Structures are given as structure tokens and as C-alpha cells.
Amino acid sequence: MNTERFISRRVAQVPPSGIRKFFDIASEMKDAISLGVGEPDFVTPWNIRESAIFSMERGHTHYTSNHGQLSLRKLVSLYLETRFGTRYSPESEMVITVGASEALDLAFRAIMEPGDEVLVPAPSYVSYMPGVTFAGGTPVAIETKEEDDFIMTEQGIAAAITPKTKAIVIPYPNNPTGAIMTKEQLAGIVDIIVKNDLLVISDEIYAELTYGGKQHVSIASFPEIYPRCVVINGFSKAFAMTGFRLGYAAGPRPVIDAMVKIHQYSMLCASVMSQYAGEEALKHEMETGFAQVEKMVKSYDQRRRFMLDALGGIGLGAFEPRGAFYIFPNISGTGLSSEEFCFRLIEEKKVACVPGTAFGEAGEGFMRCSYASSMENLKEAVKRIGEFVDSL
């Protein structure tokens, strides 16, 4: 029996994640070093883990509101206002989700009609385009370039807009490039977003991970954008809580209501234990001036500067990442495609990186390396990459 005929054509046409492909190869290879998956190498701080354990010991093992625990939503609201100057009602303009990924999926499904187009910068996170496709929309790539610091420009957005364009994804700090957009750069695209009446989906999951004195600026902090912006964020990256699967969305009540409607028929609510852990994470960090987060950022910054210098030293120049924990070296000078370079690198030197094309066609000629790994691993990885480059 050919069960493939039951699979949705829309789903079948989307390729598997290019990130996971290389991670899976590395996981089965002895002595391999993986710079592939975007996950903090820090263990979740003990106070956060303990709060999750204690919540179970107290018997907090039941469903919460579909919106999420109000106590957590109030803390998220306070956090967004104090850190980024954006104010959202915890009662009506917020939903707690199973990771930021679910929040993205809910946002796409809540707004999409067949034929609607969503502008997505490329290269960018692998889930945006498939997410739009799964929701019945059409993703439209906006190529960002190394010479422009991988930011979206008014010209690039204008060239991609059609009468079918409904929304735009603003994903900064960016995965995979490490690019950020400053307040001045964001200001440059505000008018065209408003003029074309676009909804903004701002993925700010790496908001706390910025370097060189550059602070994250949320595009939702612009008064013209605030009423038309859904902010996506979560606890995975800044608080080293990937396995807790805890995220949230904040935005205009009609959009949040639609997202909650989908959420209540699918996930119902995020894990209650994770929500208690999230409360502890925010409460503790706001009380201590984000001491634990700053400690992690300081370590990432040290590794970031090492990777920038070390990769340059072996002939793989890279744009200086100013956010997240990735570096995106240019490998076009080797004469290999991104896919071929990464496949040969893992086969010949047991180092897993992700080809730039996993993040869209605009990523050709680049590869993504995560520096959320120990300095020991990074040094050995660069040594092996250098040997591979020399062998070419």
C-alpha cells in the first residue's frame, strides 16, 4: 500500500531541517565536534531547576489557563517593559507557549489565508519559511547581504512587496548571521511597513545575547509599529532552558485571541512545571540585575572574539556577529559549495557545521558555526577546519 499518497503536498514539498541533518550525522560519529545545533552549552541554573522540581513536589501538575499562568504573564509583561520599553497587558495581550517555535506557528496560522505572502529575510532561521507554508501562506525571501551587515533595508523590502503581502518577519538578533539591527536601522524600515499596512512578527529570542555594547532594540518600541507587531520570545537561549520548551507571544489583542484559539485546540497550555521555572528565571534575574545572564553573555563574547580571529587566521573571513551565538564565515573562496564544504568537513575532519543554504539560497557561500561550545572544543574545531581548508 502506498501511504505516501495520504501526505499533504504542502508538507511533502518542504525539505527536512538542514540543521538536524548534520547534527544527526555528528551524534553517531566518534570524536566528532558539533558546532551545528543552536543550544546553550550551559546547564540551566540550579535555582530555576529547583523551582520546577518544587512545583511538582507541591502537586502543581494540572492544566493552567490557555493563556498561561497569570503570575508568569505579569512577570513577562514587567520584563518586556523594563528591558525593551514595550508594554503589554498580561490579561489580554499575551499567551505562554510551548517554546518560541509554537508561538511562531500560532502567529502564522492565526493570520494566513491562502495566497497571503509573508516577507522573510534570507538567510534566517530555518522554521520561518516552512511555518508560513504549513499555514497555507507563501513565504517571500528578501536577500540580505554581507556588505550590508545582513540587515533588512527599505529597498529590499520595497522590491519584495506585492498586493498579496500581509506580514513581515523581523528576526534580530539573527540566526544564522549574528546580525543585529540598531534603532537607526530599524527606523529606516518603519515607514514602508506602515505605508503598506503590514503586520510585523518580531522574533526576539536572542534579545539578551548582544555584544560590543550593542543593546537589543525591539521594533515594537516604535509607536507606529507597536499596534501592528507580534513579539515572539522565550526562555531557551538567554536562560539556557531549551528543554523546558517555554516561550510566549505578546501583541494586539485580536491577533493574540486568534492565537489562543488555535493553542487551546492543540497544545492547551505549556507545561506547568516549565511555567514555574520561567517565573523563577525572570524573578531572580530582574532582582539581581541579570547577573546569571550577563555571566553567560560574557563567556559567549569571549568565544565570539576567538572564533572571529581564529577563522580569519585560516582564511575564512567572517562578518562580525553582534548578537546570538553564531558566526557565519564566508567559505566561497574554497571553490566548494556550502553543502559540499560541510559534508566533506564532517566526513574528513569530524566537525559538524551547517551549510548556509540550510537558511535559504542567499546562504550559499557561507556556513554557520555555533560558538555555544567549550573553548576547548572551539580550538580543536578551528584547528581541524584549518587542516581541511589547507588540504583543498
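User: In what order do the strands of the open sheet of three strands stand?

Analyst: In this predicted model, the edge strands of that sheet are E9 (326-327) and E11 (354-355), each of which pairs on one side only. E9 is joined by two bridges to E12 (residues 367-370), and E9 and E12 run antiparallel. The pairing in the open sheet is antiparallel, and the order of its three strands is E9-E12-E11.

User: Which residue of E12 stands opposite Ile327?

Analyst: Strand E12 covers residues 367-370 and is connected to E9 by two bridges, while E9 itself consists of residues 326-327. The residue in E12 that stands opposite Ile327 is Cys369.

User: How many of the six residues of strand E3 are buried, and what follows for the strand?

Analyst: From E3, the residues Glu117, Leu119 and Pro121 point one way, whereas Val118, Val120 and Ala122 point the other way, and all of these are buried. Strand E3 (residues 117-122) is therefore largely enclosed by the rest of the structure, the number of buried residues being six of the six.

User: Which residue of E5 is the bridge partner of Glu117?

Analyst: E3 is also joined to E5 by three bridges, and these two strands run parallel. Five of the six residues of E5 (residues 165-170) are buried, so this strand is largely enclosed by the rest of the structure. In E5, the partner of Glu117 is Thr165.

User: Over how many bridges do E5 and E6 pair?

Analyst: Strand E6 comprises residues 199-203, and its pairing with E5 is in the parallel sense. Within this pair, Ile170 stands opposite Ser202 in E6. The number of bridges over which E5 and E6 pair is four.

User: Is Ile33 buried or exposed?

Analyst: Ile33 lies in strand E1 (residues 33-34). Leaving aside residues up to four places away in sequence, Ile33 touches Lys350, Val351, Ala352, Asn377, Glu380, Ala381 and Arg384. Since the cut-off for burial is under 20% relative accessible area, the 7% relative accessibility of Ile33 means that this residue counts as buried.

User: At roughly what angle do the axes of H12 and H13 cross?

Analyst: Helix H12 (residues 338-349) and helix H13 (residues 375-391) have axes that come within 10 Å and cross at roughly 110°. That makes H12 roughly perpendicular to H13, and H12 passes H13 in a right-handed crossing. The contact involves Phe341, Arg344, Leu345, Glu348 and Lys349 of H12, together with Arg384, Ile385, Glu387, Phe388, Val389 and Ser391 of H13. By class these residues divide into five nonpolar, one polar and five charged, and the angle asked for is roughly 110°.

User: How many nonpolar residues are in the contact of H4 with H10?

Analyst: Helix H4 (residues 70-84) packs against helix H10 (residues 272-287) at an angle of about 35°, with the axes 9 Å apart, and the crossing of H4 past H10 is left-handed. From H4, Ser71, Leu72, Leu75, Val76, Leu78, Tyr79 and Thr82 meet Gln275, Gly278, Glu279, Leu282, Lys283 and Met286 in H10. Alongside four polar and two charged residues, the number of nonpolar residues in this contact is seven.

Conventions:
Residues are numbered from 1 along each chain as its sequence is written. This is a predicted model: local features need pLDDT of at least 70, side-chain atom pairs count only at pLDDT 80 or more; totals for chains, interfaces and linings use all residues. Side-chain values use heavy atoms; hydrogens and water are left out. Axes are lines fitted to C-alpha atoms, for helices over the stretch in contact, and angles run from 0 to 180 degrees between N-to-C directions. Angles under 35 degrees count as roughly parallel, over 145 as roughly antiparallel, 65 to 115 as roughly perpendicular and the rest as oblique. A crossing is left-handed if the near helix is turned anticlockwise from the far one by less than a right angle, and right-handed if clockwise. Contact means heavy atoms within 4.5 Å. Ala, Val, Leu, Ile, Met, Phe, Trp, Tyr, Cys and Pro count as nonpolar, Asp, Glu, Lys and Arg as charged, and the others, Gly among them, as polar. Two strands pair if DSSP finds at least two bridges between them. Buried means under 20% relative accessible area, exposed over 50%, partly exposed in between (1.4 Å probe, protein chains only).
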